[in-house]
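Here are some notes for a colleague who has not looked at this structure before. They start at the ligand and then turn to the aromatic rings.

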Amino acid sequence: MLLETLNPMYYNISHVVPEVSPTATVSLLLVSCFLLLVWRYEETSSIPGPGYCMGLGPVLSYCRFLRTGIGSAANYYNNLYGDFVRVWINGEETLIISKSSATFHVMKHEHYTSRFGSRLGLQCVGMNENGIIFNSNPSLWKEIRPYFSKALSGPGLVQTTDMCIKSTLTYLSRLKEVTTENGNVNVLTLMRLIMLDTSNNLFLRIPLDESEIVLKIQKYFDAWQALLLKPDIFFKISWMYYKYEKSAKDLKEAIEKLIEKKRKKLSTVERLEENMDFASELIFAQNRGDLSADNVNQCILEMLIAAPDTLSVTLYFMLMLIAQHPRVEAKIMEEIKAVIGDREVRSTDMQNLKVVESFICESMRYQPVVGLVMRKALADDVIDGYYVKKGTNIILNLGRMHRVEYFQKPNEFTLENFQKNVPYRYFQPFGFGPRACAGKYIAMVMMKAILVTLLKRYSVQPIMGRCLENIQNNNDLSVHPDETQSSLEMVFLPRNGTI
Ligand code: HEM
């Protein structure tokens with residue numbers, strides 16, 4: 001009976017065919033068109049990477065990015081398919097590049113001065129078409145960038161050394177506040193406090209509670225990182241993104257209050273010239289109608305989070321590396337003694353601190369805090385012989401590039417890697433070109449000034465058994481150590497006498 005049911009010969013064909021034929025034909029046609037599309041789609045891309053596989057490829061690659069984070073996923077695909085790979089993020093074609101020639105091309109050209117990320121996620125943290133860091137509206141970004149460039153170069157840069165020394169000495173004199181019962185120092189918190197204080201003294205100049213703002217910055221950063229690639233559907237469920245929205249709102253409100261104080265101060269000062277800084281320039285731009293209040297708030301917020309988010313982690317990694325490499329430490333101390341002696345470091349010393357500079361570069365190469373740069377193609381182009389459509393997302397995997405090209409001992413931490421001048425296309429920790437890190441020069445000055453001021457007074461040691469390599473990184477938008485208290489702690493031993 002079963003056979004009879006399955007055997008079409010038993011049906012009255014003349015009854016069945018006319019009834020099912022139109023639906024079957026349409027379905028068959030649709031499936032054929034779909035398969036043709038899939039086939040044609042797969043044919044069009046010659047870029048290495050996972051296959052489209054009827055849409056399964058895009059789903060799987062997006063899941064990997066969501067599950068492991070951008071950094072780990074980018075390394076996974078580059079290791080598997082080479083240094084020029086095509087994947088998908090949220091259905092959008094995304095290239096992951098770790099080849100210096102292609103990276104250089106993208107950084108140099110004006111039509112890659114946009115970034116990508118979830119619009120709703122960026123909206124949630126106030127970065128969508130606002131501020132600078134993830135502002136992907138080219139004309140708005142062009143208006144805003146000069147305010148940052150001006151504040152982060154010229155006279156601002158000259159004052160930086162003194163501001164860094166002042167903040168470092170202040171927080172070293174209050175070391176107890178970041179020291180545990182066991183006598184260990186929470187280095188990351190110490191660095192964040194120094195960074196925020198320096199940034200405030202340079203760009204806003206309003207008294208603030210550093211510890212409170214540092215906590216809010218950390219939560220803001222977590223929210224930004226968590227929401228950056230989320231699919232739109234995530235934002236339909238309010239309880240899922242509520243805590244991130246709140247973190248962003250908390251920091252925004254705190255900054256708003258500080259800006260209000262700044263406004264009041266500006267309206268009462270006698271000599272305006274002496275009070276001109278980054279925040280004042282933006283407030284006046286808003287008064288003229290050039291920028292919206294929301295944008296001014298976001299720009300000041302981003303300027304205040306930039307150093308605590310990047311430099312504090314970088315300096316923490318550097319102190320761990322110094323503690324693990326006593327011979328490197330000895331060379332640095334020798335140079336500090338020869339160039340600076342007993343006095344404090346000055347801005348004129350910076351160019352003479354060659355060993356310190358090599359150490360900073362090698363640390364950023366070996367253990368970068370920002371290993372990735374995210375861009376979007378604003379026009380059709382050809383990169384390294386591959387056709388790239390307008391709208392393609394691009395991830396420049398700088399962390400990997402610094403480990404697979406040019407350097408003699410790529411997997412070792414050694415100053416030998418920077419013994420000779422490294423051509424700049426092979427080493428780009430701050431990016432390059434029109435959308436490079438706006439703080440690249442100030443960051444170098446800050447790192448030198450803080451390192452020298454601290455190392456003149458203390459030698460540092462990791463807690464027994466801890467080294468940089470075994471500290472878990474979440475390897476996402478930027479690399480952060482595992483933030484459990486003990487992994488961030490180090491022992492600070494006062495040096496005998498001054499150098
Ligand atoms: C070790 C420290 C730092 C590293 C490694 C770093 C690295 C980077 C990188 C790789 C980018 C993206 C560049 C690109 O797309 O090509 C960037 C962007 C940026 N950085 Fe930094 N940065 C550091 C410190 C700072 C500091 C101290 C400031 C300011 C006080 C700053 C301000 C900015 C800004 C405003 C942008 C966005 C530029 C734009 O989109 O136009 N950075 N940074």
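1. Donors are N, O and S atoms within 2.8 Å of the metal (3.2 Å for Na, K and Ca); water is not among the atoms, so sites may look incomplete. The protein gives the iron atom of the ligand a single donor, SG of Cys437, at 2.3 Å. Cys437 sits in the loop between helix H16 (398-404) and helix H17 (440-457); helices (H or I, at least four residues) and strands (E, at least two) are DSSP runs, numbered from the N terminus.

2. This is a predicted model, in which local features need pLDDT of at least 70 and side-chain atom pairs pLDDT 80 or more, while totals for chains, interfaces and linings use all residues. Residues are numbered from 1 along each chain as its sequence is written, and side-chain values use heavy atoms, with hydrogens and water left out.

3. Around the ligand there are 24 residues, of which Arg115, Arg145, Arg375, Arg435 and Cys437 come nearest; a residue counts as near if one of its heavy atoms lies within 4 Å. The shell divides into 16 nonpolar, 4 polar and 4 charged residues. H13 supplies the largest share, 5 residues.

4. Which side chain has an N or O atom 2.6 Å from an oxygen atom of the ligand? That side chain belongs to Arg375. For Arg115 the distance from a side-chain N or O atom to a ligand oxygen is 2.8 Å, and a polar side-chain atom of Trp141 also lies 2.8 Å from an oxygen atom of the ligand.

5. The rings of Phe104 and Phe432 are stacked, because their centres are 4.9 Å apart and their planes at 15 degrees; rings pair if their centres lie within 6.5 Å, and planes under 30 degrees apart count as stacked, over 60 as edge-to-face and the rest as tilted.

Technical notes
A polar contact is a pair of N or O atoms within 3.5 Å; within protein, one must be able to donate a hydrogen and the other to accept it, and residues adjacent in sequence count only if both atoms are side-chain atoms. Ala, Val, Leu, Ile, Met, Phe, Trp, Tyr, Cys and Pro count as nonpolar, Asp, Glu, Lys and Arg as charged, and the others, Gly among them, as polar. Rings of Phe, Tyr and Trp (its six-membered ring) pair if their centres lie within 6.5 Å; planes under 30 degrees apart count as stacked, over 60 as edge-to-face and the rest as tilted.
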